[in-house]
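We will walk through charged pairs, then aromatic ones.

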Amino acid sequence: MSSTTVGSRRRRVHLLAAAAACLALAAAGCGQSSSAEPSPSASASTPAGVLGIRDPWVKAADTGMTAAFGTLVNDGNSDVTVTAAATDVSPMELHEMTMKDGKMVMQPKQGGIVVKAHSSTTLEPGGDHLMLMDLKQPVKAGDQLTFTLTFADGKAQTFQAVAKPFTGAQESYDPGHGEPMPGMPATPGTSMSPVS
């Protein structure tokens, strides 16, 4: 074959490839809707909230106090501060565990619970948690409770958590703040996960 024939074939292949690409782009453009409706994949995503909330759960309890736990996920570019929590079954406080007089005690968390940008914060027995202070009704294993978090910027977000039996953590309160959780002696424990 001469170099002229090979060059001519290459040009035809390039022209055919370019024409196919143009047709593909034109067909794709025709399939686009001119409305501002989200694509099916976008509408299938989870509802937008201030934070993602993974694996939320509540310690089952008949009376007195209990707590809610889970992981707060901040995918945003700014830190988020949870300043309050609420539920229908009890008044609530944001709590932390801290050492006082050689003992781990539970107390209100001053300044709220901060979730750093592009990070997560775990609410867990023995750490930060959402405290239900005076149950109006028993919280039985399997119950679904609805919680509302309020943030420093005034936004709010609701989520649901399932109640689970739990026998660990055995935390006590900062003196003068309250009493140990029902069924828990006033000494710290080590178990950190619910009974499944």
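Start by selecting Asp62 and Lys140: their side chains meet in a salt bridge, with 2.7 Å from N to O. The term here means a side-chain nitrogen of Lys or Arg within 4 Å of a carboxyl oxygen of Asp or Glu. Before moving on, note that this is a predicted model, where local features need pLDDT of at least 70 and side-chain atom pairs count only at pLDDT 80 or more, while totals for chains, interfaces and linings use all residues. Residues are numbered from 1 along each chain as its sequence is written, and side-chain values use heavy atoms, leaving out hydrogens and water.

Back to the first pair. Asp62 sits in the loop between strand 1 (52-59) and strand 2 (66-74), and Lys140 in the loop between strand 8 (129-132) and strand 9 (144-151), so the bridge ties together parts that are 78 residues apart in sequence. Strands are DSSP runs of E with at least two residues, numbered from the N terminus. Colour by accessibility and you will find Asp62 partly exposed at 48% relative accessibility, and Lys140 partly exposed at 42%. (Buried is under 20% relative accessible area, exposed is over 50%, and partly exposed is in between, with a 1.4 Å probe and protein chains only.)

Next, select Lys116 and Asp79, whose side chains form a salt bridge at 3.5 Å, N to O. Lys116 is in the loop between strand 6 (113-115) and strand 7 (119-123), Asp79 is in the loop between strand 2 and strand 3 (80-87), and the two are 37 residues apart.

Now go to Lys109 and Asp128, another salt bridge, at 3.6 Å from N to O. This pair links the loop between strand 5 (103-108) and strand 6 to the loop between strand 7 and strand 8, 19 residues apart. Across the whole structure, the search finds four salt bridges.

Switch to the aromatic rings. Rings of Phe, Tyr and Trp (its six-membered ring) pair if their centres lie within 6.5 Å; planes under 30 degrees apart count as stacked, over 60 as edge-to-face and the rest as tilted. The count comes to three aromatic pairs. Select Phe147 and Phe159, a stacked pair with 5.4 Å centre to centre and 20° between the planes. Phe147 lies in strand 9 and Phe159 in strand 10 (residues 156-164), so the pair ties together parts that are twelve residues apart in sequence. Both Phe147 and Phe159 are buried.

For the last stop, select Trp57, Phe69 and Phe166, which form one aromatic cluster.

How values were computed:
Helices (H or I, at least four residues) and strands (E, at least two) are DSSP runs, numbered from the N terminus.
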